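Subject: Structure handover, with notes

Dear colleague,

I am passing on the structure we spoke about, and I would be glad if you kept it open while you read the notes that come after it.

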Amino acid sequence: MVAGISYFKGMAVLVAACAAFSAFGADGKPAEYEVFGDIPNYGEKYLSPDFIVPASDGSILVTARTGRELLILKNDKLEGKVELGGFPSGLAVSKDAKTAYVSIAAPAGKLLKIDIAARKIAQSVPAGHMPRSVRLSADQKTLYVANQFENKVRSYDASTLQRKQEGNVVRDAFSIAETLDGKKLVVLNQIPESKGGLYEENIAAAVSILDAATLKNIANLQLPNGSINCQEVVISPDGKYAFLTHAIGRFNVPTTQVERGWISTNAVTIIDIANNKIFATFLLDDIELGAANLYGLAITPDGKLLCVAHSGSHEISIIDLPTLIKRIQDLYAKSEDKAKTYEDICNDLAFLSTIRKRVHLDGFGPRHMAIVGKNLYVGMYYSDVLNKLDLSNPVNPQKISIGGNEVLNEVRRGDLFYHDASLCFQHWLSCVTCHTEVRSDALNWDLLNDGIGNPKQSKSMLYAHYTPPSMITAVRKSAELAVRKGIQYIQFTRRPEKDAKAIDAYLKSLKAVESPHLVNGKLSEAAERGQFIFEEAGCAHCHNGEYYTDMKRHDVGTGLNEYKGFKFDTPTLCEVWRTAPYLYDGRARTIFEMLRKFNPEDKHGKTSNLSDDDLRDLEAYVLTL
């Protein structure tokens, strides 16, 4: 038992080490450092422009996500930068253009206060696990920050950075917007939280409405069935609506084609702020051309244009916003069945006909945007440049240099291809559509690799190349093969072998995020007790080694119907804390439920003799891996 304790504590140290990083060297190439999440070690410096915020003095501030810098531009020229020491995940700027606030995504996250004129960090405070989406209140007194994997939003005093309030949201808090009256926060939850496992009829990500002062929950609004990958929320200039981007996974049909959005469509949902309800959801796709992986939004100050970034197809849509709202209102006014009208709008691939322009950009991976005067600025994540478009004549985008690296090496190309829907037939989806941040979208999918009529949960791709075989039923002998078959049978296309190899290289370079269930990087008392139980209950018999898997197949008694007695692949337990629900079909919401309710014969570890307290301790340990 002592040897077991030493081994597992060693693994906890290894997981904690994944969060360490160091600065770039003088030659512009990064020193050897560990990264985490969906950020790889490229082996050389790339900036990856992400958040863009204009300042009142005419400057534009841009976060360089993998460059770990805050860039300051004036007159479309790079004027200065601030080294941040970590990966920026949110940006806000004060009205007087003197101060910027940046969140740093890390297991021990930070909130930075930056003196823009001095080009230096004036203050840094702890900000919880993986903070993101910094928002500065209209009165300039409060900062709001989402902690993605803690499912929380926290507020801070903008002057002192002292933490004020804390509120709960549904799952994976990803983007925040404050209503114009300063009374509410609209918070996007990136992926669904299942209440009854994946056998629920409706499974979708939700929008949380919080009281801005107390951060108490006012409402949770479920998006259309299958909604996943929520990215950004913005408030209209008149304060009436919140607009947000997301995908809609059509997970209730087999993945036999992609045409007409059969597998996935790409949507904007409008929230009626005054009434805390969904007003409408409309699609950005055309009948024969998808608008994959929607990301950032921007609305002109006069409220006439809504701009939406298609990160996967490298475009933006520019929409006549007043006409859009009137079109929706007119349909409701004529309808006797509002629910049916809502569904009709949500499924209409021609709804934006005549009121939208699709504009191709110069580069790859548009994410966040900002409007300055009559111009739209777009960060091209994989091209290391900005695009500038004149909204009065949005053609031929101007490419603006930010000192980036426009030459993609193999890992960088693999990162792009993983997020690139132009690889897919008609640009409907990319790998990241179903593997959110390279993990799971929390939906069951009926793939063609093992017949039709047997949907299974989307798997995390983290460490897939090191833990063969692939797929829940081990139908692919390796992740390399799964990548190639995914291109062929999910994206319905063929690509050169070098493209698949680049995706392999990207996936192989990724590291786990340290669990939010650790306490200062260490096991809690409950998790320490659970560590003993993990060994004694026989969990370590199959879940062993660096990746907590023996890479073998076992019948653990959880198969139903045609899978009764089936031997499933032993999954890695690395980052199991972020991949709920559990079992191949997602019928268990928690680790506790999986072992208490779905392990009657002790085939999945000897747990029937454990008390509920013992099981909770075991769960506490497993959730730290």
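The notes below go through helix packing, cysteines, aromatic rings and some backbone features.

This is a predicted model, in which local features need pLDDT of at least 70 and side-chain atom pairs count only at pLDDT 80 or more, while totals for chains, interfaces and linings use all residues. Residues are numbered from 1 along each chain as its sequence is written, and side-chain values use heavy atoms, with hydrogens and water left out.

Helices and strands here are DSSP runs numbered from the N terminus (H or I over at least four residues for helices, E over at least two for strands). Helix α8 (residues 525-536) packs against helix α11 (residues 612-622) at an angle of about 95 degrees, and their axes are 7 Å apart; the axes are lines fitted to C-alpha atoms, for helices over the stretch in contact, with angles running from 0 to 180 degrees between N-to-C directions. The two helices, α8 and α11, are therefore roughly perpendicular to each other, a term that covers 65 to 115 degrees, where under 35 would be roughly parallel, over 145 roughly antiparallel and the rest oblique. On the α8 side the contact (heavy atoms within 4.5 Å) is made by A526, A527, R529, G530, Q531, I533 and F534, and on the α11 side by D614, D617, L618, A620, Y621 and V622. Sorted by class, this contact of α8 with α11 has eight nonpolar, two polar and three charged residues, where Ala, Val, Leu, Ile, Met, Phe, Trp, Tyr, Cys and Pro count as nonpolar, Asp, Glu, Lys and Arg as charged, and the others, Gly among them, as polar.

In helix α6 (residues 479-489), the residues A479, A482, V483, I487 and Q488 are buried, meaning under 20% relative accessible area, with exposed being over 50% and partly exposed in between (1.4 Å probe, protein chains only). What covers these buried residues of α6 includes α7 (497-508).

As for the cysteines, a search of the whole structure finds zero disulfides, a disulfide being a pair of cysteine sulfur atoms within 2.5 Å. The sulfur of C431 has its closest cysteine sulfur in C434, at 9.3 Å, which is too far for a bond. C539 is likewise in no disulfide, the nearest cysteine sulfur being that of C542, 9.1 Å away, and C539 is buried at a relative accessible area of 12%.

Rings of Phe, Tyr and Trp (its six-membered ring) pair if their centres lie within 6.5 Å, and planes under 30 degrees apart count as stacked, over 60 as edge-to-face and the rest as tilted. By this rule the count comes to 16 aromatic pairs. One of them, between F568 and Y584, is stacked, at 4.6 Å centre to centre with 20 degrees between the planes. F568 is in strand β33 (residues 568-569) and Y584 in the loop between β33 and α10 (591-597), 16 residues apart. F568 is buried at 8% relative accessibility, and Y584 at 9%. Elsewhere, ring pairs link Y241, F243, F279 and Y332 into a cluster.

Lastly, the backbone. A cis peptide bond joins P468 and P469, with omega about 0 degrees, and P469 lies in the loop between β31 (456-457) and α6. The bond from A580 to P581 is also cis, with omega near 0 degrees, and P581 is found in the loop between β33 and α10.
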